[in-house]
Amino acid sequence: MLAQVDTFVGPEIQWFALSPMLTLLGGALSLMIIGALTPLWPKGWYATFTAAIAIATGVLAMFQWDDISDGGPSTLVGGAVAFDTLAMFLTITISTALVLVALLTDDYLRGTPNDGPEIYALYMVAALGGVVMASANDFIVLFLGLEMLSLALYVLAASNRGSEQSSEAGIKYFVLGGFASAFFLYGIALVYGATGTTNISEMIAALQSSVDVFHPDTLALAGIGLLIVGLGFKVAAVPFHVWAPDVYQGAPTPVTAFMASAGKAAAFAAMLRVLVIALPFYRDDWRPIIWVLALLSLLVGSTLAIVQNNVKRMLAYSSISHAGFILVGVEAAAHRAGEADAGSGMPAVVMYLLLYSVLVIGSFAVVAVVQRESGGDASLDAFKGLARRRPTLALAMTVFLLAQAGVPFTSGFIAKFGVIQAAVDERSYAIAIIAMVVAVIAAFVYLKIMVTMWLGDPADGSQTVPVPFAAGLAIVVAVIFTLVVGIFPGWLIDASNTVTAYAR
Amino acid sequence: MIAAIEPTWYLVLASVLFGIGAFGLLVRRNPLIMFMCIELMLNAANLTFVALAVQLGDINGQTAVFFVLVVAAAEVVVGLGIIVSILRRTPGTTADDLAELKG
């Protein structure tokens, strides 16, 4: 009954085009092996190695970008991997996040029993999973990338063995993440049943040819529903957000920064690939669901952030509200899904992901430094009077918070303006207005942290510990990026506009 | 002679298994049982893949199952590691005891 294959012809593999992924893979494996065979490296070496691999990945992705600009988008490895600027933009986003997080982790791990190559190797595996998700042109490849990212993040979340909170974060993330993965996989299976393929290009062709004839609609719609549940968990959209605050709070702070940046970017990349690129023929069915997810994420994320008193938790809820803004962009992209003129939704989404990644890592970097002084405490009290003790650090945090609030002349304004503009372009006025109102509500929580930093009195006996060089470097780079992009956004907007020419 | 079972029934069976897994995950409080429920859900998806591959006469659905098996095995390693690290600290922990993080 099944087709018999007599001779197997392997697909052609374009090694250079795959080099960003291979660099990350090679970095992770070699660090794991060499690290296991050698005694503990001196301070900073693991982080430097990881940052070097991440920079190499980003630079190679830029080379691929030139090739794509010249030769147009294509697919690799027998159609399993997409080779387009969307993949490369997100590869660069994830490697930027990896560089900053590696710098931030260096000092955080010093002197703890977790010091060693494992955490960095796991970062690289997670980043590789994210890159695979962003470049997948086949649902099974996308699932493998998703699991690579998720499994590494489960371990990272639980990696602080001395802390009960970290273990709790790990198990919660694992159980709910596994739940989401199962939904996602079942969705893939049902969509496979409806279209007869898991390959995105073949899927588009199959749906295109079956528009007039009967096709099992129920299977496809049920599959899309399950896919949205799985993706909703991964991007932490309300009502699938319950894990996010607990995991963000319990996980070691650099890991939280990585989850909120690279993890979110990869999950939204998967959402674009699965819904906007692969299933445009059902866009009228799934667009309302995205609309509702965006609305709930915006409202719940920004209002619940205000009532928290732990800064990591506040940033977790604020990341849920940011997910809502990105979903506004996805909703805008949905209006033009599958059309030759893809509109401004997708560029706005990838732009938001890059800018938000840098912002959120910067914010968590400041939290990590404050935690060093307070002995691990990330409550609002630990930030009291930070401006008096540490004016520069407080200033950096202020820049990040203002940017997250979307104040002009910061990168956050460009990001928020982009998604709202995209929604207005597609005449989604209702969600655009809600997003603007929520931006004001969300600003309240950032103001709350700022007021505590600048106007509060430092607690008695609070001490100042010098800011570690690597973490300081990460914060300075993030501040410069935030301000430079806020003032000169043109070059990035031009780059993000090319992602609409994706491989299909 | 026994008539061949319609592939549709495999899809029904798979959806029932998936439902049992999802329901079990939500109501059971033992981390190990919750973990087994996730495996049940993954295997329901596998059964769907195989049944649909037979129905469509397409080999790709069956190869997908091998990838999923590998992923499930990797998930066992990670999941059991995390569960053991928690149970070693506090034996007999249930999901309700893990409530240090809230707000």
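This is a predicted model: local features need pLDDT of at least 70, side-chain atom pairs count only at pLDDT 80 or more; totals for chains, interfaces and linings use all residues.
## Chain A

Chain A is built from 19 helices and two strands. Its radius of gyration is 22 Å, close to the 23 Å that the globule rule gives for 504 residues, so chain A is as compact as a globular protein of that length.

Of the 504 residues of chain A, 62% count as buried. When contacts in chain A between residues at least 6 apart in sequence are considered, 81% of them join residues at least 24 apart.

## Chain B

Chain B has three helices and zero strands, and from the N terminus its elements follow the order α-α-α. The radius of gyration of chain B is 17 Å, well over the 13 Å that the globule rule gives for 103 residues, so this chain is more spread out than a compact globule. Taken along the principal axes, the C-alpha atoms of chain B fill a box of roughly 55 × 30 × 25 Å.

Buried residues make up 29% of the 103 residues in chain B. Among the contacts in chain B with a separation of 6 or more, 49% are between residues 24 or more positions apart.

## Where the chains meet

At the interface, 40 residues of chain A are in contact with 36 residues of chain B. On the chain A side, helix H5 (139-157), helix H6 (164-195) and helix H9 (243-250) each supply at least two residues, and H6(A) gives the most, with 19 residues. Sorted by class, this side of chain A has 21 nonpolar, 12 polar and seven charged residues.

## Backbone details in chain A

A cis peptide bond joins Val238(A) and Pro239(A), with omega about 5°.

Val77(A), which is not a glycine, has a positive phi near 50°, and it lies in the loop between strand S1 (74-76) and strand S2 (81-83) of chain A. Because Val77(A) has 17 C-beta neighbours inside 10 Å, it counts as partly exposed. Arg427(A) also has a positive phi, of about 60°, although it is not a glycine, and this residue lies in the loop between helix H16 (411-425) and helix H17 (429-455) of chain A. With 10 C-beta neighbours inside 10 Å, Arg427(A) counts as exposed.

How values were computed. Residues are numbered from 1 along each chain as its sequence is written. Chains are lettered from A and ligands numbered from 1 in the order in which they are written. Two residues are in contact if their C-beta atoms, placed from the backbone, lie within 7 Å. Helices (H or I, at least four residues) and strands (E, at least two) are DSSP runs, numbered from the N terminus. Ala, Val, Leu, Ile, Met, Phe, Trp, Tyr, Cys and Pro count as nonpolar, Asp, Glu, Lys and Arg as charged, and the others, Gly among them, as polar. The radius of gyration is taken over C-alpha atoms; the globule rule is 2.2 Å times the number of residues to the power 0.38. A residue is buried if 20 or more other C-beta atoms lie within 10 Å of its own, exposed if 12 or fewer, and partly exposed in between; C-beta atoms are placed from the backbone.
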